[in-house]
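Reader: I am new to this structure and would like to learn how to read some of its features. Please take them one at a time.

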Amino acid sequence: MQHDAHAEHAHHGHGHGHGHDHGGHHEAHGTGKTSWRMAALATLHCLTGCAIGEILGMVIGTALGWSNLQTMILAIILAFFFGYALTLRGILAAGVDFRTAFRVALAADTLSIAVMELIDNGVIALWPGAMDAHLSDPMFWWILAIALAAAFVVTTPVNKWLIGRGKGHAVVHQYHH
């Protein structure tokens, strides 16, 4: 997928100022029990930021005629940027200063975004013909959907593990409650 497949990284928009009910979030503090629902919601929020960055990176790289590698690098950078930005938005809305919010976003999202990007880009890079598919090619979009779904499936248990240890999105939640 001519770096167009990298749009799937919506994995990192964790700004929890969006009004979603994160049922069971208190479970992450003290009992060690974290709901799969909470982990899935955190992963979906993160996936949103990643997907925005990935798609934008692929569109820009394709429009500029960049190589697959250059486009993929841009898409990954933008996936991290938008993933962190969505989390920052929620933390800043809670009245936290930028420096603290930035540190929280880095701590909360880095592993989750990295896993999501690794799986997403790995699927695209290894799928025969995917790196050469263009945005106008239906193959680009269905492979992107498969890659994002795979990234979600692999990253959700990672987020569950992090939240259960008071890390990841559990850190973000303390600024919302």
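**Reading the features**

Author: Leucine 56 counts as partly exposed because its relative accessibility is 36%; buried means under 20% relative accessible area, exposed over 50%, and partly exposed in between (1.4 Å probe, protein chains only). This is a predicted model, where local features need pLDDT of at least 70, side-chain atom pairs count only at pLDDT 80 or more, and totals for chains, interfaces and linings use all residues. Residues are numbered from 1 along each chain as its sequence is written, and side-chain values use heavy atoms, with hydrogens and water left out.

Reader: Where is leucine 56 found?

Author: Leucine 56 belongs to helix 1, residues 36-63. Helices are DSSP runs (H or I, at least four residues), numbered from the N terminus.

Reader: How many disulfides are there?

Author: A disulfide is a covalent bond between the sulfur atoms of two cysteines. The rule asks for a pair of cysteine sulfur atoms within 2.5 Å, and by this rule the count is zero. Cysteine 46 is in no disulfide, as the nearest cysteine sulfur, that of cysteine 50, is 4.9 Å away.

Reader: Is cysteine 50 buried or exposed?

Author: Cysteine 50 counts as buried because its relative accessibility is 0%. Cysteine 46 is also buried, at 0% relative accessibility.

Reader: Which polar atom lies 2.9 Å from the side chain of asparagine 121?

Author: The backbone oxygen of glutamate 117 lies 2.9 Å from a polar atom of that side chain. Asparagine 121 is found in helix 3 (residues 98-126) and is buried, with a relative accessible area of 5%.

Key
Helices (H or I, at least four residues) and strands (E, at least two) are DSSP runs, numbered from the N terminus. A polar contact is a pair of N or O atoms within 3.5 Å; within protein, one must be able to donate a hydrogen and the other to accept it, and residues adjacent in sequence count only if both atoms are side-chain atoms.
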